[in-house]
Structure formats: C-alpha cells, structure tokens
Amino acid sequence: MAPRLDFSSWWPKEAKKGTPVVVKMENPNYSVVEIDGPDAAFRPVEKSRGKNAKQVTWVLLLKAHRAVGCVAWFASLFWAVLGAIKKRLIFRQDVAMASEKMGKGKLLFTVIKVFLVTSLTILGFEVVAYLKGWHYFRNPSLHIPRSSDFQGFLHLVYVTWLSVRADYIAPPIQALSKFCVALFLIQSADRMILSLGCFWIKYKKIKPRIQGDPFKSDDVEGSAYEYPMVLVQIPMCNEREVYEQSISAVCQLDWPKDRLLIQVLDDSDDESIRYLIKAEVAKWNQKGVNIVYRHRLIRTGYKAGNLKSAMSCEYVQAYEFVAIFDADFQPNPDFLKQTVPHFKDNPELGLVQARWTFVNKDENLLTRLQNINLCFHFEVEQQVNGVFLNFFGFNGTAGVWRIKALEESGGWLERTTVEDMDIAVRAHLNGWKFIFLNDVKVLCEVPESYEAYRKQQHRWHSGPMHLFRLCLPAIITSKIAIWKKANLILLFFLLRKLILPFYSFTLFCIILPLTMFVPEAELPFWVICYVPVFMSFLNILPAPKSFPFIVPYLLFENTMSVTKFNAMVSGLFQLGSSYEWVVTKKAGRSSESDLLASAERESKTMNQLQIQRGASESELAELNQLKERKEAAPLPVKRVNKIYRKELTLAFLLLTASVRSLLAAQGVHFYFLLFQGVTFLLVGLDLIGEQMS
C-alpha cells in the first residue's frame, strides 16, 4: 500500500499567515484567483482529510516566483541607483539645475550630510568594537570604567582646558583686543572732532553764501550770461518704478529752456522699460523741454561707462556745468538757482554737492536706522570737510560739476564701482575745491529691504578699498600739500574705509563673543559700554527723532560690520565681488508735498492731445503699444518678510556677550533676561526683512 503523504503539520490550524489562494488547474492555461478569508481554500471538508500534494507543489512554486520577483526588484533598484550616481557624480548632469533649486534647502542638506557622516563614524566604531570583543562584558581584558573614573577624567580634561586657555588662547586674544581698542579710540576721536566741528559751524552759522542776486541784471543783452549753459544727466538702468517721477521732476527745473539740456541715459536691458522711458521723454519733448534719450548698444563700465559715453557727445562742448541725478532723485524746481550761482567768481570751484533727504525714512525700522547713518554722514562728515578742507567724497548724485574740472581730472573712469569717489579724489589732486550745501535738499529713497541694503553697502565698502590700491601712487606723487596727502591716506581711506570695518568686526563680532568662553581676555567695561553708547549718541544727534531706536542701532551697526568687513577685504585684495554692481531696488515712493503728480493729472488730457497732434504715426503706434502693455501688466506680488538668520543670530550672540559682561558679575539675572528679550524682539521685528506696504 502506498504511503500516505500527510502535510497537515505544515499548516498550523490557528496560524493566519500570507495570502490564501485557490489554484484552478485547467489545461492548457492556469489562473490564480485570490479569495478573502484565512485559509478558507485549504480547510478540509472533513476533519480526516489532509492537503493535496499537487496543491502544495503549486503553492511552493508561487512562493518561489514571488521571491524571485523581489530579488529582481531589488536588483533593478540597485542598478537604478548606480545609474543615478554615475549620471550625477561622473557626468555631472542636472547638478547645476538642482543646486539652483535648492535655495533654502542648503541648510537642511548640510544637516543631513553631517548626520550621515556621524552615523557612518558611529557604525565604524561599532564594527571595530565588535571585532575587538569590546561588546562582550565578560572579557577579562576589557576594563569597564566606574563613575569615579569618569569624574576624574572630566576633571582632568577641565583642568587641562583651563591651563591651555590661560597660557595659549587668552594672550593672543588679549593682544588683538588691545590693538583693536587702540583703533577704536582713534576712530572715536575722529568722530568727536567731526562732531565738534559741526557744533562750531552751527554756533557760528558758517555756510556758503551767494553774494547778491546773480540773476538780476539791468543789461538786457548781458542777461544771458547770468544763466550759464547747464547739462542735466539722469543715468538709469531698469528703473521701472522711479523713471517717471525723476524725469518729471528734472523737466520742471526753473531754468531757461534754451540754456538747459536734459540727457536721459538709459542702460536698461529690458525692452519694455526702454519703451516706457522713450514715451516719457517724447511726452516732455512735446511740451517744449529740451530733452534727449540715449541708450548704449555696448553696456560696459556700469554707471561710469554710461556717463563717459554721454560726455563724449559733440554738443556737450557748448555746456559749462553738468548736474547729475540718479533715477530716484526728485530735485526742487529751484535746485539749479541754489547751486550754480556758487560757481560765479570762483574759478577754483569744481563741485557743488547738495544734501539728500529721504521720502521713506519712516517706512520701517531698517529705513530709520539708515536715516541715522546718512544724516550723520551729510550733516557732520560732508559739511565739516566741505567747510574746513574744501574736499569730500562726491555722493554720485544731486551735485553739479564744472565740466572743465571733469575733463582736467581725466573724466569718468570705469576702473571701480565707486566712480563718484574716484573722480572726486582725482579732482582734489588737481587742485579743485568742493562746496557742500546742507540747506539744499533733494528727495530720494533709501533701500526698504535688507537684501538691497546689504548689496548697496557691499559696493560702497569694497569700491573705496579697490580705489585706494589704484590711487595710492598718484596721491604720493601728486603736487598737493603734505597735510592734504595725509588727510587722503590716513583719514579718508585708512581710518574711515579700512580701520572702521576692521576693528568693528574684530572687536565686537569676534573678541566680545569669545570673552564668554575665555574670561581671561575680558574687555574693559568702558570699551563695551561707555564709549560705544557715547559715540552712538553723537551719531544720532543729527536725527534727534531717532533716539528711541538707539539700542537697535547699536546692534545693527555691529552686525552690519560683517558685511562691511567682507566687502572691505574683497576690495582690498581685488576679489571677484569687488567689481560687482547690483542696481539698488526702489519702491518709487513720493512725498505728500510733491505736487508734480497733481499737476500732471490736471494737464493729462491737454498733454495727450498735444502729443497726438505733434507726434508721428510711428510714435503714436508706440504709445498705443505701451498703453496696452500697462493695462495687461500683472499686478505686483506682495513680498513677505524674509528673516536673515545669520545676522539675527549674530546680533543675539553679541547682545548676550555684552550684557553678560555688564550684568552677570553683579547677579542681575532677571534684568539681564528682560533687557535681552526686549532688544532681541526689537531687532527681529523689522530690522532685517523685506517689507512692502
């Protein structure tokens, strides 16, 4: 009798594993039908009946098929990973696009890489420990340390750290801090002297004055001489937000039309913006304003190249003076009458510089803090240097130059991104004098976003160092007085452009935080508290309404020293970013007292009719196209606040270090935390973010 094959022990009665199937065998095809229910297909009809051998065979075949399928899937996945690695690492495909899309994910990617390296290190240590037999606690050669051993080891490490810190770390930090403190005192003395000079000017009421009425003449034939030929230049590049108000303000200058020419120097690479500016120029040209539009085909040298190209025109030779306004500047109608007369009977005068005022100075905390710095720059630095030295750095706009001074000084050069300072230094070396008019003010904007402000400050601090390298031989070999050479080298360049960002970054951003970990190199109390607070009060005096923001101003200046120091190093060593020019973003704001818009609205209908009557068919078609583009233009997307974690974290670290040095020794922990929290809230509230109303 054939032996019976009983496989009932292979399937425990209570086990519910896998997916039950029923295999129907039909020649020549086979089909597998899944059914629900645990082992319903294999439950015997009778308790005494077991499983069929053919069913068991097919179940085993199906399981083998699934196993082979899993192996094949893993093999294909592994092959795909190898292909991706080969594509990315060897052939470098899609790497640039992926890096551009990462953006904010770089920090997360860095954390993931650090975590991966740490995990691999721990895994390697575990493998080595396993091979050494350290995992086996009964190993007689394995020494298991006790808690007392750990305490002794930690104590030894701490004592070693104390000795190393006192003998090797603290001395160089202390020496560097003394050097930076000396630079800090020198720069503070310079600020003090400038402030005293400003007080003396206010007390004595010293300011440049015009003798008599230069525009009043009894001789009708000679009256034309009282109004010299003036060229007005408006350099711009992709200034969609501000081109209209700037051109409108300049075209309403109170000056004889036949003695005035306005050049709109457009370097825009956006065709739609060029059409808009052309239409604005055509509109004012139809009103009788002597205005021309210029666009360079080869855009080199940024603003300096633009101005140089405009000055090469033949008709410029007929003009005696040139006034320059950036695209966001809105001069008053009497600007030329307040500036040009200073040149009369003063042949040595080469430049008359006006002061800036800001239409958006109260827009957010960032604009308020910029207003503090710029008010001190104009009212103290520029005014004092103009009165006592007849020299200061040209601000690049809101100024009137004698064209002869520009030509004798070499004209506009494209060698740096601070072409305004470059021409001012060369004119000073050639003996020309400057006048600063603190009472003549021109409306403009300050950057409302931290990103735009940071790029602007990078250009303003990298350019002077690059210029210093180029101008140093010319300064040394020039024929000016020795004290003027010393003023240029020691004060104008080294102290205010190089030393200031160096000691500010080193002393308050490196040494001060290190004092939390190296108390042997602790800074004196007066360096941390008295002198910075006193100098901040001096800086804020020209803008007295900004006194409530003195604490954020202190933090703001310290954290911005990182950007300024980086820019200074970039310009000094001529790194790649030293010749980088980024147009500052503008919002196109106007003041409430600006009547240009209202006058424009009143005469809009009349002007449109006049333009249509005097324009050609091509100009009308161009204006119609511009009108359609304006109507079809999408609404601007409102930008949200962007927090810059690096600067914000540094501000918090500086605040923690300084307040700890001041208050922790006295045990005033509650006031320390309160002051720290409130100040950090003020800084993070609006200081470094993008805000659009």
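**Figure 1. Salt bridge between Glu320 and Arg402 in the predicted model.** Glu320 is partly exposed, with a relative accessible area of 37%. Its partner in this predicted model, Arg402, counts as buried at 9% relative accessibility. The closest N and O atoms of the two side chains are 3.9 Å apart. In total, the structure holds 17 salt bridges.

**Figure 2. Salt bridge between Asp267 and Arg296.** The N to O distance in this pair is 2.6 Å. Asp267 lies in the loop between β4 (260-266) and α7 (271-286), and Arg296 in the loop between β5 (291-295) and α8 (302-311); the two are 29 residues apart. Asp267 is buried, with a relative accessible area of 5%. Arg296 is likewise buried, at 10%.

**Figure 3. Salt bridge between Glu520 and Arg165.** The closest N and O atoms of Glu520 and Arg165 are separated by 3.0 Å. This pair links distant parts of the chain, 355 residues apart: Glu520 is in the loop between α14 and α15 (525-540), and Arg165 is in helix α4 (residues 147-204). Glu520 is partly exposed, with a relative accessible area of 36%, while Arg165 is buried, with a value of 11%.

**Figure 4. Helix α10 (residues 365-388) and its ends.** The 24 residues of α10 reach 34 Å from the first C-alpha to the last, close to the 34 Å expected at 1.5 Å a residue. A kink of about 30 degrees is centred on His377. Of the 24 residues in α10, 19 are buried. At the start of the helix, a side-chain oxygen of Asn364 comes to within 3.1 Å of the backbone nitrogen of Leu366. Asn390, which follows α10, has a positive phi near 55 degrees.

**Figure 5. Nonpolar cores and an annotated segment.** The largest nonpolar core has 114 residues, and Ile247 and Trp401 have the most contacts inside it. Helix α14 (residues 482-514) supplies the largest share of this core, 14 residues. Another core, of eleven residues, lies apart from it and includes Leu365, Tyr450, Ile550 and Tyr553. An unreviewed UniProt entry annotates several stretches as "transmembrane region", among them residues 488-517. Over residues 488-517, the chain is 90% helix and 0% strand, with the end C-alpha atoms 40 Å apart.

Methods. Residues are numbered from 1 along each chain as its sequence is written. This is a predicted model: local features need pLDDT of at least 70, side-chain atom pairs count only at pLDDT 80 or more; totals for chains, interfaces and linings use all residues. Side-chain values use heavy atoms; hydrogens and water are left out. Helices (H or I, at least four residues) and strands (E, at least two) are DSSP runs, numbered from the N terminus. The expected span of a helix is 1.5 Å times one less than its number of residues. The bend at a residue is the angle between axes fitted to the seven residues ending there and the seven starting there. Buried means under 20% relative accessible area, exposed over 50%, partly exposed in between (1.4 Å probe, protein chains only). A polar contact is a pair of N or O atoms within 3.5 Å; within protein, one must be able to donate a hydrogen and the other to accept it, and residues adjacent in sequence count only if both atoms are side-chain atoms. A nonpolar core is a set of buried Ala, Val, Leu, Ile, Met, Phe, Trp, Tyr and Cys residues joined through side-chain atoms within 4.5 Å. UniProt positions are given in the numbering used here, feature names are shortened, and annotations may be inferred rather than shown by experiment. A salt bridge is a side-chain nitrogen of Lys or Arg within 4 Å of a carboxyl oxygen of Asp or Glu.
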